[in-house]
Amino acid sequence: MSAGIGLWLRSALFEAGRMPLTVIWSTLSLLTAPFPFRWRYVFISQWARLTLGWLKLTCGIDVQLSGAGHLRGGPFVVMCKHQSAWETLYLQRLLVPQVWVLKRELLWLPFFGWALALARPVAVDRRNGRSAAMKSLLAQGKSRLDDGISIIVFPEGTRIAPGERGTYHVGGALLATHTGYPVLPIAHNAGTLWPKNGFLKYPGRVQITIGAPIAVAGRSAKEVLAETERWIETTVAALPPARHG
């Protein structure tokens with residue numbers, strides 16, 4: 001069997017397991033609705049743990065983490081490079097509890113969206129205009145942070161292919177300066193193993209690095225964003241290769 005065929009088969013096996021797991025776990029997660037958030041989170045986030053375990057078993061994708069000591073002292077406004085679907089799974093294990101900033105429409109998806117709503121995401125309705133969306137982000141974000149929940153922000157707004165650089169948006173930095181909570185920068189190279197919109201998953205070890213928290217007191221959102229962007233892009237560029245071979 002050639003390596004190419006094996007890669008296709010392993011990737012197909014992963015998807016064949018991931019899809020039913022997502023449907024089943026989303027449905028079961030709806031049963032947690034009567035329980036407190038942190039109890040719900042523990043159950044709902046196991047979906048990510050199981051999916052990552054299945055990914056490692058079928059596709060040979062592992063992870064090497066650096067800077068774990070910086071995770072102490074949260075909650076944080078987490079600003080992370082977005083290359084892949086991988087980090088949306090791994091961050092659920094890395095920071096407990098945490099929620100995402102996402103489009104409100106995602107909560108309308110049957111089963112998955114309903115279960116996602118139980119995890120208290122910061123859901124923003126962009127149809128009401130940029131100003132209203134920002135006010136909603138700041139209000140919901142402060143509520144989550146004050147409850148001890150870290151918030152995940154992908155400052156580029158969408159997945160960016162390895163080696164490319166998107167426009168960093170100021171929303172996450174505004175949330176940090178508005179609330180006083182520090183920014184936790186995260187860099188990784190998962191997109192080389194699980195590419196954007198890609199079916200094939202390549203064996204290897206994702207390199208992920210947690211940076212020192214960035215203080216926001218007395219600083220503008222633009223200053224915080226600029227420092228965060230410099231750190232993330234410089235760190236991503238210096239990461240060792242993730243893919244085997």
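Me: A salt bridge is a side-chain nitrogen of Lys or Arg within 4 Å of a carboxyl oxygen of Asp or Glu. Which residue forms a salt bridge with Arg165?

Reply: This is a predicted model, in which local features need pLDDT of at least 70 and side-chain atom pairs pLDDT 80 or more, while totals for chains, interfaces and linings use all residues. Residues are numbered from 1 along each chain as its sequence is written, and side-chain values use heavy atoms, without hydrogens or water. In the pair asked about, the closest N and O atoms are 3.0 Å apart, and the two residues sit in distant parts of the chain, Arg165 being in the loop between strand S5 (150-153) and helix H7 (171-179) and its partner in helix H8 (residues 221-238), 64 residues apart. That partner is Glu229.

Me: How many salt bridges does the count come to?

Reply: The idea behind the count is that side chains of opposite charge can pair when their charged atoms come close. Among the pairs is the one between Glu229 and Arg165, and another is formed by the side chains of Arg219 and Glu227, with 2.7 Å from N to O. By this rule the total is 11.

Me: Which residue forms a salt bridge with Lys201?

Reply: In this salt bridge the closest N and O atoms are 2.5 Å apart. The pair links distant parts of the chain, with Lys201 in the loop between strand S6 (183-188) and strand S7 (204-210) and its partner in helix H1 (residues 3-29), 186 residues away; these elements are DSSP runs numbered from the N terminus, helices (H or I) having at least four residues and strands (E) at least two. Both residues of the pair are buried, and the partner of Lys201 is Glu15.

Me: What is the volume of the largest pocket?

Reply: A pocket is an open set of points on a 1 Å grid over the protein atoms alone, with protein on both sides within 12 Å along at least five of seven lines, whereas a cavity is a set where a 1.4 Å probe fits but cannot get out; lining residues have an atom within 4 Å of a point. Points are joined across faces, edges and corners, and the volume is the space filled by probe spheres set on them. For the largest pocket, this volume is about 1200 Å³.

Me: Which residues that line the largest pocket are the closest to its centre?

Reply: Helix H4 (86-94), strand S3 (98-103), helix H6 (130-146), S5 and H7 each supply at least two residues of the lining of this pocket, whose volume is about 1200 Å³. Of the 30 residues in the lining, the closest to the centre are Val101, Leu102, Lys103, Arg126 and Gly157.

Me: Which element supplies the largest share of the lining of the largest cavity?

Reply: The structure holds 1 cavity of 30 Å³ or more, and about 230 Å³ of space lies in the largest cavity. Its lining has 18 residues, among which Ile44, Trp47, Gln92, Leu116 and Ala119 are the closest to the centre. Helix H1, helix H2 (37-44), S3 and helix H5 (112-118) each supply at least two lining residues, and the largest share, 4 residues, comes from H1.

Me: Where is Pro97 found?

Reply: The peptide bond from Val96 to Pro97 is cis, with omega near -5 degrees. Another cis peptide bond runs from Gly74 to Pro75, with omega near 15 degrees, and Pro75 has its place in the loop between strand S1 (61-66) and strand S2 (77-80). As for Pro97, it is found in the loop between H4 and S3.

Me: Is Asn197 buried, partly exposed or exposed?

Reply: Asn197 lies in the loop between S6 and S7, and it has a positive phi of about 60 degrees although it is not a glycine. Arg120, in the loop between H5 and strand S4 (122-124), also has a positive phi, near 55 degrees, and at 21% relative accessibility Arg120 counts as partly exposed. Because the relative accessible area of Asn197 is 63%, Asn197 counts as exposed.

Definitions and conventions:
Buried means under 20% relative accessible area, exposed over 50%, partly exposed in between (1.4 Å probe, protein chains only).
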